[in-house]
Amino acid sequence: MNRLRYKLYRQFSGLRHAIPRRFTPAGLLALVTLCATGAIGIDMDQTVGFQGFALVACLLMMAIMLAPFFRGRFTIERVLPRYGSVGEPFTYHVTVRNLGTRTWRDLELIEDVEDPRPSFADYAVARREAPRGATFRITRTPAGPGRHRRVAPFKPARVSTLAPHGDAEALVQLIPARRGPLRLIGATVARSDPFGLFRGFVRVPQTATVLILPKRYRLPSIALPGTRQYQRGGVTHASAIGQSDEFVSLRDYRPGDPLRHIHWRSWARTGRPIVKEFQDEFFVRHALILDTFASPAQMAAFEEAVAVASSFACSLSTQESLLDLMFVGPQAVCFTTGRGVGHAEQALEILASVRPCREKPFRSLQELVGQHAGNVCGCVCLLLGWDEPRRELIRQLESLGQPLLVLVIAEAAAAAAIRNAPAEGKPAQFHVLETGRIAEGLLQLEGARP
């Protein structure tokens with residue numbers, strides 16, 4: 001039965017993808033008109049709708065029959081950005097080159113994206129683990145057990161007149177709908193029939209990849225803990241002026257520098273005040289803990305948790321502090337940014353590819369956090385629920401004296417249940433963010449202090 005469902009899913013999703021590509025807006029209107037006149041004109045003795053049906057059917061048939069006569073030879077060259085972001089539009093230029101001896105006009109360029117639909121094995125697993133009544137379809141939102149939505153709604157880009165052996169530029173615009181690598185497997189050069197109803201295709205193989213970063217939210221002012229702690233080996237991590245005895249280099253004096261740091265010999269030699277620069281082993285270090293243990297029913301919450309983690313990773317000031325991003329995937333990950341160790345862009349690249357962890361128990365996250373908790377001075381925990389294993393993680397951090405900011409991301413029904421749960425075990429800074437209202441929930445954190 002699953003195999004039959006999968007075949008129907010492939011067929012219907014393929015039609016949903018192919019019809020808007022093949023038919024122009026006028027062609028889609030003609031299809032609707034064909035269906036309407038076909039229903040009205042069933043009784044030819046009572047209505048004249050059948051005449052409209054016959055006319056539209058003939059036009060569409062002629063348009064479809066003319067499509068194979070479009071046979072050009074083309075190559076393309078893309079100028080792609082390094083990154084894109086979910087929900088943020090970006091554009092890039094594509095150069096289309098005509099390899100033939102014929103002049104082409106009124107062409108369109110349509111990008112071909114790698115098929116996002118699951119294999120039968122993945123489909124069967126998603127159907128088995130999905131909550132009762134859930135559907136499996138390609139949607140704009142992360143609904144459904146498989147979360148296989150459209151990766152990017154490309155619109156056909158206009159190509160100006162192509163002279164023989166000439167080239168022209170097309171401006172492609174898209175809004176990525178899913179994080180992760182956006183793999184382009186080629187492009188389609190399209191030309192409409194004389195009626196402007198149906199497109200003929202010439203496919204040009206040309207692979208390329210753009211990394212789509214997670215969606216990010218605007219964070220309010222959140223007062224994270226700032227107590228400096230000694231970091232063993234911190235000299236190798238720090239890059240700013242500090243207070244230890246580890247000499248780094250000489251530089252020009254700046255107002256406010258201690259007089260004891262003046263290098264008198266260099267001042268005598270250059271004629272201007274020179275000070276010694278040191279590195280610091282005492283600095284602030286935060287932990288950003290991401291819960292990746294999501295069930296199929298929690299996929300929407302998981303995507304929002306990744307988006308919130310990305311917002312923290314790129315919004316917190318790491319010029320004078322470190323930020324440890326911790327989560328469990330195929331292996332436990334602790335990635336550090338700040339003070340020259342790593343950059344926010346690298347953390348976003350990691351978060352762009354993070355996937356739910358279903359092979360390991362939640363205890364593996366507790367073990368990872370326990371290994372690094374002694375080095376940090378505060379934790380931001382992004383959780384997908386409030387069950388006993390997650391409460392145990394919070395108790396573990398509280399027993400170590402760690403200031404906490406706990407954010408639980410959940411669907412509306414689960415969020416209401418967590419809010420109404422007994423306050424026992426919840427830390428002082430405990431907030432529930434509801435999917436679909438994440439931005440509003442984050443704004444309520446103004447001034448939150450772990």
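A: Let's start with M62, which sits in helix α3, the stretch covering residues 49-66. Keep in mind as you look that this is a predicted model. Is M62 buried or exposed, or something in between? With a relative accessible area of 41%, M62 is partly exposed, because a residue counts as buried under 20% and as exposed over 50%.

R199 belongs to strand β8, which spans residues 199-213. R199 is buried, since its relative accessible area is 4%. Which residue does its side chain touch? The side chain of R199 makes a polar contact of 2.7 Å with the side chain of E108. Along the chain, R199 and E108 are 91 residues apart, yet their C-alpha atoms are separated by 9.3 Å.

Next, have a look at the strands. In general, the strands of a sheet pair through backbone hydrogen bonds, in either a parallel or an antiparallel way. Here you can find an open sheet of three strands, ordered β1-β3-β6, with antiparallel pairing. Strands β1 (74-79) and β6 (167-174) stand at the edges with a single partner strand each, so one side of each has no neighbour in the sheet. From one strand to the next, the twist averages 25 degrees. Strand β3, residues 90-98, is joined to β6 by eight bridges, and these two strands run antiparallel. To find your place in this pairing, look for Y92, which stands opposite V172 in β6.

Strand β16 (residues 404-410) pairs with β17 in the parallel sense, over five bridges. Here V406 has F430 of β17 as its bridge partner. How many of the five residues of β17 are buried? Four of them are, so that this strand, residues 430-434, is mostly covered.

Finally, let's turn to the charged pairs. The model has 19 salt bridges in total. One of them links R395 and E392, whose side chains meet at 2.9 Å, N to O. Both residues lie in helix α10 (residues 388-399), and they are three residues apart, about one turn of the helix. R395 is partly exposed at 35% relative accessibility, and E392 is partly exposed too, at 33%.

The side chains of R437 and E440 meet in a salt bridge of 3.1 Å, N to O. R437 counts as partly exposed, at 46% relative accessibility, and E440 is partly exposed as well, at 45%. The side chains of R117 and D115 form another salt bridge, with 3.0 Å from N to O. D115 is partly exposed, with a relative accessible area of 38%.

Definitions and conventions:
Residues numbered from 1 in each chain as written. Predicted model: local features only at pLDDT ≥ 70, side-chain atom pairs only at ≥ 80, totals over all residues. Heavy atoms only, no water. Helix = DSSP H or I, 4+ residues; strand = E, 2+ residues; numbered from the N terminus. Buried < 20%, exposed > 50% of the residue type's maximum accessible area, 1.4 Å probe, protein only. Polar contact = N/O pair within 3.5 Å; in protein donor to acceptor, adjacent residues only side chain to side chain. Pairing = 2+ DSSP bridges. Axes fitted to C-alpha atoms, helices over the stretch in contact; angles between N-to-C directions. Salt bridge = Lys/Arg side-chain N within 4 Å of Asp/Glu carboxyl O.
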